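Subject: A structure for you to explore

Hi,

Here is the structure I promised to pass on to you. Have a look at it first, and then read my notes below.

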Amino acid sequence: MDTSSASAPAVTVYWRPGCTFCIKLWVKLRLTGTRYRPVNIWRDPEAAAFVRSVNDGNETVPTVRVVSPTGTGSVMTNPSLKRIRQALAG
């Protein structure tokens, strides 16, 4: 399901099976051509630990990590597409 091509996407979506909010976000990202890397927190213990660390101990998904072209990073919980695109712009 990785939508990356030659280089790694600047958007990482932490998700878990059965999350409808994750699916809705994926659809929006795909429709706008925004590349992302999905990470299943139920299969990746380090990813689950990261999600808990930024969500007060909760495994709230989708949690999204964005790295802008300027190198600025941000983490958002259940963000809108608009918010992701703003973070990508730097």
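Let's begin with the aromatic residues: Trp15, Trp26 and Tyr36 form one aromatic cluster. Please keep in mind that this is a predicted model, where local features need pLDDT of at least 70, side-chain atom pairs count only at pLDDT 80 or more, and totals for chains, interfaces and linings use all residues. Residues are numbered from 1 along each chain as its sequence is written, and side-chain values use heavy atoms, with hydrogens and water left out.

How many aromatic pairs does a search of the whole structure find? The search finds three. Rings of Phe, Tyr and Trp (its six-membered ring) pair if their centres lie within 6.5 Å; planes under 30 degrees apart count as stacked, over 60 as edge-to-face and the rest as tilted. The pair of Trp15 and Trp26 is edge-to-face, because the ring centres are 5.0 Å apart and the planes stand at 75°. Trp15 belongs to strand 1 (residues 11-15) and Trp26 to helix 1 (residues 20-31), so this pair ties together parts that are eleven residues apart in sequence. Helices (H or I, at least four residues) and strands (E, at least two) are DSSP runs, numbered from the N terminus.

Trp26 is buried, with a relative accessible area of 10%. Buried means under 20% relative accessible area, exposed over 50% and partly exposed in between (1.4 Å probe, protein chains only). The rings of Trp26 and Tyr36 are stacked, because their centres are 6.5 Å apart and their planes are at 15°. This pair also links distant parts of the chain: Trp26 is in helix 1, while Tyr36 is ten residues away in the loop between helix 1 and strand 2 (37-40). Tyr36 is buried, as is Trp26.

Now to strand 1. Is strand 1 mostly covered or mostly uncovered? It is mostly covered, with five of its five residues buried. Val11, Val13 and Trp15 lie on one side, Thr12 and Tyr14 on the other, and all are buried.

Strand 1 also has partners. Strands pair if DSSP finds at least two bridges between them. Strand 1 pairs with strand 2 in the parallel sense over four bridges; Val13 has Pro38 of strand 2 as its bridge partner, and Thr12 has Arg37. Strand 1 and strand 3 run antiparallel and are joined by four bridges, with Tyr14 partnered by Thr63 of strand 3.

What about the interior? The largest nonpolar core has 23 residues, and Val13 and Ile84 have the most contacts inside it. A nonpolar core here is a set of buried Ala, Val, Leu, Ile, Met, Phe, Trp, Tyr and Cys residues joined through side-chain atoms within 4.5 Å. Strand 1, helix 1, helix 2 (45-54), strand 3 (63-67) and helix 3 (81-89) each supply at least two residues of this core.

Cys19 counts as buried, because its relative accessibility is 4%. Cys19 and Pro62 are 43 residues apart in sequence and 7.9 Å apart in space, C-alpha to C-alpha.

Enjoy exploring!
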